[in-house]
Amino acid sequence: MTTIRNAPNAAEKLKGAKADGATKGEATKAGAAAKVDALKAAPAAVKGGAPAKADGYKATQAAPANGKLNPTGVTTQGTKVLAKSIDTVAGVHGVQVVKMGDHVTLDGIVDNRHPHRFDNDGAPAGAYLKLKEPIEVVGEDGKRTTVKEVHISLDSVTMHTCGQKGNNCGSCTLSDGCLVGKNLGEDKSLTVYGRVDKITFGGGEGVAPGEVFAVSGPSVASLGEPRFDGAQWHDAQTEDKVDSLLIKNPDVPIAKMGIPNPNLAGGHPETVLVFEKKAKELRVYTGTFGGPMPADVNKFHGFKNFHIVQAPTAEEKQALTFQTRGDGAAREFTPDQAPRNKKGESLELIGSAEGKTWFLDRKARTAYAVGMAPAPSSAYEVQGVIKFKKNDYVELLPDGSAPPPPYGFWEGVDGREPSVVTPGDQIAHDDGRINRNVRIARRMDPDIQHTSLVKDEPNRYASLSARPDKSVKPDEFRAELRKIVESTAEGRAAVKQIREVMAEAERLASLDPPLAAEPPKDKEAWFDFMLNSYLHAQDLRVWMKALGFGGSSVGNHDLDEMVPVKDLKWMMKDKFSEPWFENYVKSLPDDAEVNCGFLNPNYAAAGYMWGYAALDANRMMNLHRLACHHSGNTQEEIYWVEKALNFMVHHAPLEDFGVRHEPAGDLAHLQIAMENDPAMKTSGIGKAIIKDALKLWVELTNEGKITPWLKIDRKPHDGFLNTPKAEGSYKTLGLQSKAGDALYEKSLLAARAVDGASAGVATAAKAIDAELQAFRAKVSIDVVATKEQSQAIAQRFSQAFTAVYAQAKASPNPKDLELANHLGNAVTALFAQLTVVNQPAAEVFTQAIAEVAAQQGITRNEFIPLSELTSALKGMEEFPKWEAKVRKEKGDDTLATELDNAYRQWKDDGFLHY
């Protein structure tokens, strides 16, 4: 799929097909392309551990750095996993030359590195191997890179499935953790064998975009680990082929794993057992293998433990009961008649290795090697035993379900309104996702861990957090925020990019035809919206990390989020859109991805106006709603953790000047929103997440680690809010009028083009057409000055439509109903134009639109609801006050004059000729 990043001044050149891995959503981002272009690096809490001296060792998972805005644009941290391995090139001048995907042996010294600090989208943390001798790596393009160190603690499956955006592989549901990779002793000499891959990352605070090379699926020679060459397992010393088996994951329904995407073949890598004979023992190494991942990613992900096969005790020899199949067949077994334990439970057949047949008692964490006893017995018996450890494989509870994570689950119905339909619902699934039960593993308990998972994050807002609630004047608060943002190189780069995006948005809007919405007149308010969107993304990253869901990609929230163009075009079909938006979307290839965030310059002004331009929301917000923290898309499921936190921020509202343009509220607003807002009122899963998130939000605010919005002394109708609300009111009514006008013209043209209607219906239709045209020619605000006048007009055209529609429905001629429906659309379009004149007209004609639509069987029209029209009309009435306030307090005569002109356009004409 082509990706369009919408960088200022020019979109990136279209790139080749790609299929992203599971980085966002409760399930994989399952693209259809054959080749992987980017896998997001995935963070996870490091669980300490060193190689064990006796029965094995524990592998640990390290956390990469955070990804954020960078000076050249918001980028997405990713791991580029290239195509199939090819043969190693011969060494040159004593330097080993390898190609991407080759399996190699490397010597070096271990260097453990911790995650970079806040807002630093740098190289991943974990164990690196400083090579004793550098190597040269040949890329796909033939370019050679001299490599002096490789990353060895995170592998491709970790980056592909864990941590970045939630329970994508199910590991947190099916076990305590996906223990992939190792945390190795500092300064330890090491020889590793694995596949050469590359991790790319974006720039951060003083860190330019770059890349590190990695050895994925590493085997450690000093631990005697077998080697996987991409196809076969080999003894570490002799290179002979050795046996291996897989303990497959149980058939747990996907719903129980918190991963509803049906494209997943399984929710967790399987456990591989690799047998290796030592001098006096048989070792079995346990690691992770496979999982929901592209075919060209290394299937082996590292070993976790090793176990020594023990001779069975007398009790263990009697632990299994073999099937009796009659005389001469005593103690036989077959795959369909496996031996049973003392509880009478059948064991699982793993397979054959080392001349034995292996069976697993999953609950007892024991594997049995079964072979035939020496003559004359010729009966089967237990000849070896492996005692596994917790997390060696996926275990089950007595009822057959997967064991819960240590802190339980968030669980509840999805609960979205059925009217909120997206391509992800209908195109990709159509499987009742709206009413499904969602279960997500809690990764911590806020009453136990509190904010301990973000102890490394700076308390950059400490000075503001120390102030009493509602004690800081808005201007002072905003000045302090700008000071904080510009105190870092990353923050200064963010401000620079926001300015560039705004300038590019203005340029795009000035084109003929325009490719962006008309920029707001109050540029200062627009900038503050963009800056607060940036801060909102940073807060979410820290907040989610505190919940155990750290991921650099959250730092792109609302800013740089790629969604499929084909989904956007599906949502726009047969709906009114402003001309600039139609021009813009038509210019996008169907196989492209487009940025639905506010750093898309084509979209930046429209995104700003959304809060007060409801019709714009119904159209342009369709683009942003494709993000995984809203409704998702055909490539990404809804990511409920990010969605729930985002809802909480916007609906409390816990922000100064966010996308909804509402004054900072308090937590009482949140409860009201949760009980009444369609996005959350019936969502059990969202409310469950918010319950925990709220506790952490309070603590993080008090510690100064996220923006303390409640410190603002905000009053309703504060001067800072007046200009965006004024512009929003103006644009809401203007867009309603434009939408009505566009549908009116389109519907009448379609009605006149109907050929073959019966004479009676055709005659009635012409009469309605003529009456509509005559009315439109003379329409003015005077004709709907009172409620009675509006009622008379609504009744006149509604009755005319009802009569022709009844005649058409009774007719066997399908052309009659087609013609009548076009006329109904024209009538509702006329009513929509009249709703913007005054409050009585809004009430009468909104009701009339619903009645005509109901006759046609239309359950949801695309016009603005009465509540939003009422708000906009009240806003227009207050224009003179706001105009005077702007002129006096801001000293901005230009802006004040523009506000006054907008008010006159509505007051004198009601936008009837907008």
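Over how many bridges do strand S17 (residues 356–361) and strand S18 (residues 366–372) pair, and in which sense? The legends below describe close-up views of a predicted model.

**View A. Pairing of strands S17 and S18.** S17, covering residues 356–361, and S18, covering residues 366–372, pair over 5 bridges in the antiparallel sense. Tryptophan 358 has alanine 369, in S18, as its bridge partner.

**View B. The open sheet that runs in the order S16-S17-S18-S19.** This sheet has 4 strands, and its pairing is antiparallel. The edges are taken by strand S16 (348–353) and strand S19 (380–387); each has a single partner strand, so one side of each has no neighbour in the sheet. On average, neighbouring strands of this sheet are turned by 30 degrees against each other, direction ignored.

**View C. The open sheet that runs in the order S12-S13-S14-S15.** Here 4 strands are joined by antiparallel pairing. Strand S12 (244–247) and strand S15 (300–308) are the edge strands, and each of them pairs on one side only. From one strand to the next, the twist averages 25 degrees.

**View D. Pairing of strands S12 and S13.** Between S12 and strand S13 (residues 270–277) there are 4 bridges, and the sense is antiparallel. Threonine 271 in S13 stands opposite isoleucine 247.

**View E. The crossing of helices H9 and H10.** Helix H9 spans residues 565–572 and helix H10 spans residues 579–586; their axes come within 11 Å and cross at roughly 140 degrees. The crossing is left-handed. H9 contributes Leu568, Lys569 and Met572 to the contact, while H10 contributes Phe581, Glu582 and Val585. By class, the residues of this contact are 4 nonpolar and 2 charged, with no polar ones.

**View F. The largest cavity and its lining.** The structure holds 6 cavities of 30 Å³ or more, and the largest has a volume of about 100 Å³. Helix H8 (residues 523–546) gives the most to the lining of this cavity, with 5 residues. The lining includes Asn532, His536, Asp539, Leu540 and Trp543. Val649, Leu654, Glu655, Trp697, Ile706, Thr707 and Trp709 also line the largest cavity. The lining residues divide into 7 nonpolar, 3 polar and 2 charged.

Terms used
Residues numbered from 1 in each chain as written. Predicted model: local features only at pLDDT ≥ 70, side-chain atom pairs only at ≥ 80, totals over all residues. Heavy atoms only, no water. 1 Å grid on protein atoms, 1.4 Å probe; cavity = no way out; pocket = protein on both sides within 12 Å on 5 of 7 lines; lining within 4 Å. Points joined across faces, edges and corners; volume = space filled by probe spheres on them. Helix = DSSP H or I, 4+ residues; strand = E, 2+ residues; numbered from the N terminus. Nonpolar A, V, L, I, M, F, W, Y, C, P; charged D, E, K, R; others polar. Axes fitted to C-alpha atoms, helices over the stretch in contact; angles between N-to-C directions. Left-handed = near helix turned anticlockwise from the far one by under 90°. Contact = heavy atoms within 4.5 Å. Pairing = 2+ DSSP bridges.
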